[in-house]
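User: I have a structure open and would like to go through it bit by bit. Can you help me read it?

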Amino acid sequence: MKKKLLSVILSVAMAATLLVGCGSAATDTAATGSSDAAATDTTGAGKRVAVAMPTQSSERWINDGANMKAQLEELGYEVDLQYAEDDVQMQVSQIENMIAAGANCLVIAAVDSSALVNVEAQAKDAGIPIIAYDRLLMDTDAVSYYATFDNKGVGTAIGEYIKANATKDGNKGLDAVKSAGLTMNVEFLMGSPDDNNALMLYNGLMEVLKPYLDDGTLVCKSGRTSFEDTCILRWSQETAQQNMENYLTGFYADEDIDIVASAFDGFAYGAKAALEGAGYTSENWPMITGQDAELMATKNIIAGSQTMSIYKDTRLLASKCVTMVEAVVNGSEPEINDTEQYNNGKITVPSYLCTPVAVDVNNYKEIIVDGGYYTEAQLSE
Ligand code: BGC
């Protein structure tokens, strides 16, 4: 546990040191600690940005918060970073306090994307602009911009990975499995129903996999294939493990499961625990997908107990979000690449979508290690 915490701290420290060259025009005073290397760009001096993050229970949000804080501080902003530990009411109170303290801008990654409507209206009345971070803020006209990854693209990438790599009796890829007249068993662990990203991911995934479910190449023995039947509230790892345990005892007593289509690294950890509990070994271990390329997930990919994940460079996401903060606080032009997809029920929010990348044992070195996200040393601890 201590070791894990140390790894997380190292990865955050590393991410913070790597911020230079990530789109910020500021010099590296924070990383070097050198006081005479004055920042060239202190557009944030005297201004405060409040950043509301959902939880520290998952590594990715720890990195997101650390990256946002470091990049904003580089520009001279004072940063109030708070985590709500997946508690909706706690996040509402945190945002109320941020408004009362007089922030110049609010950056919010919501616990529940629809539960902040009142507090968002309060911010608007107080003249405080809001930027949605990673998760769209629903049913409000108080949000100015949205920085995220291509959320449907995450689902499509997971689906395409399964389609190309699922292997049965030496037949690689679902088309080859189908041609050989074989079938593969699959179960789904999908994201939180109160997070707009989760349904988008599901839709992207099903765009690729539904034809194989329809023609019987993929068999879901539990019959749970709809989003309503497979979503997991608050992205809970425990619920994912429980669901997997139920699937294994209920439907896989006589036959092995071949594919766990999971939408999150946390679910992959839960599935791994359930499979180990049910006696699965490397002989019959299924393909398991994930999302976020957390340090633990990347280690599991190397060890073979998780098959792939979706790498989301949180340094890049933070840098795009910072351009939006600059836009609302200082009137500069933000980077936007989507003005159509993200309607929150009230308005279509101008967005920047970063590109998600599928990683597995074959490309993690090139993408993750060479990209400076984790070092080989962190991965071999
Ligand atoms: C994010 C994912 C993350 C999930 C669980 C989603 O909103 O887009 O990257 O895995 O939340 O934290």
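Predicted model: local features only at pLDDT ≥ 70, side-chain atom pairs only at ≥ 80, totals over all residues.

User: How are the rings of Tyr-311 and Tyr-373 placed, centres and planes?

Analyst: The ring centres of Tyr-311 and Tyr-373 are 5.0 Å apart and the planes stand at 85 degrees. Planes over 60 degrees apart count as edge-to-face, so Tyr-311 and Tyr-373 make an edge-to-face pair.

User: Where in the chain are the two partners of that pair?

Analyst: They come from distant parts of the chain, 62 residues apart. Tyr-311 belongs to strand S12 (residues 308–311), while Tyr-373 is in the loop between helix H14 (364–369) and helix H15 (376–380).

User: How many aromatic pairs are there by this rule?

Analyst: The count is 7 aromatic pairs. One of them joins Phe-264 and Phe-267, with centres 5.3 Å apart and planes at 80 degrees, so this pair is edge-to-face.

User: Phe-264 and Phe-267, buried or exposed?

Analyst: Phe-264 is buried, and Phe-267 is too. Together with Trp-235 they form one aromatic cluster.

User: Which charged ends sit over rings?

Analyst: Arg-60 has its charged end over the ring of Trp-61, 4.2 Å from the centre of that ring. Lys-221 has its charged end over the ring of Tyr-252, and there the distance to the ring centre is 5.8 Å.

User: Changing topic to strands. What is the strand order in the open sheet of 4 strands?

Analyst: The order is S9-S8-S10-S11, and the pairing is parallel.

User: Which are the edge strands, and why?

Analyst: Strand S9 (218–219) and strand S11 (287–288) are the edges; each of them pairs on one side only.

User: And what holds strands together in general?

Analyst: Strands of a sheet pair through backbone hydrogen bonds, in either a parallel or an antiparallel way.

User: OK, how many bridges do S8 and S10 have?

Analyst: Strand S8 (residues 184–189) and strand S10 (residues 259–262) pair over 4 bridges, in the parallel sense. Glu-187 stands opposite Val-260 in S10, and Val-186 has Ile-259 in S10 as its bridge partner.

User: What about the pairing of S10 with S11?

Analyst: S10 and S11 pair in the parallel sense over 2 bridges. Ile-259 has Met-287 in S11 as its bridge partner.

User: Which way do the S10 residues point?

Analyst: Ile-259 and Ala-261 point one way, and Val-260 and Ser-262 point the other way. All of these residues are buried.

User: How much space lies in it, and what classes of residue make up the lining?

Analyst: The second largest pocket holds about 180 Å³ of space. Its lining has 5 nonpolar and 4 polar residues, with no charged residues.

User: Back to strands. How many residues of S1 are buried?

Analyst: In strand S1 (residues 48–53), 5 of the 6 residues are buried, so S1 is largely enclosed by the rest of the structure. S1 pairs with strand S2 (residues 78–83) in the parallel sense over 6 bridges. Across that pairing, Met-53 stands opposite Tyr-83 in S2.

User: What is in the loop between S2 and helix H4?

Analyst: Ala-84 is found there, with helix H4 covering 88–100. Ala-84 is buried, with a relative accessible area of 0%. Its C-alpha atom is separated by 9.9 Å from that of Ile-95, which is 11 residues away along the chain.

User: Last one: which residues have a positive phi although they are not glycine?

Analyst: Among them are Asp-134, at about 65 degrees, and Asp-139, at about 55 degrees. Asp-134 is in the loop between strand S4 (130–133) and strand S5 (143–149), and Asp-139 is also found between S4 and S5.

User: Are Asp-134 and Asp-139 buried or partly exposed?

Analyst: Asp-134 is buried, with a relative accessible area of 2%. Asp-139 is partly exposed, with a relative accessible area of 33%.

Note on methods
Residues numbered from 1 in each chain as written. Heavy atoms only, no water. Phe/Tyr/Trp six-rings, centres within 6.5 Å; stacked < 30°, edge-to-face > 60°. Buried < 20%, exposed > 50% of the residue type's maximum accessible area, 1.4 Å probe, protein only. Lys NZ or Arg CZ within 6 Å of the ring centre and 35° of its normal. 1 Å grid on protein atoms, 1.4 Å probe; cavity = no way out; pocket = protein on both sides within 12 Å on 5 of 7 lines; lining within 4 Å. Points joined across faces, edges and corners; volume = space filled by probe spheres on them. Nonpolar A, V, L, I, M, F, W, Y, C, P; charged D, E, K, R; others polar. Pairing = 2+ DSSP bridges.
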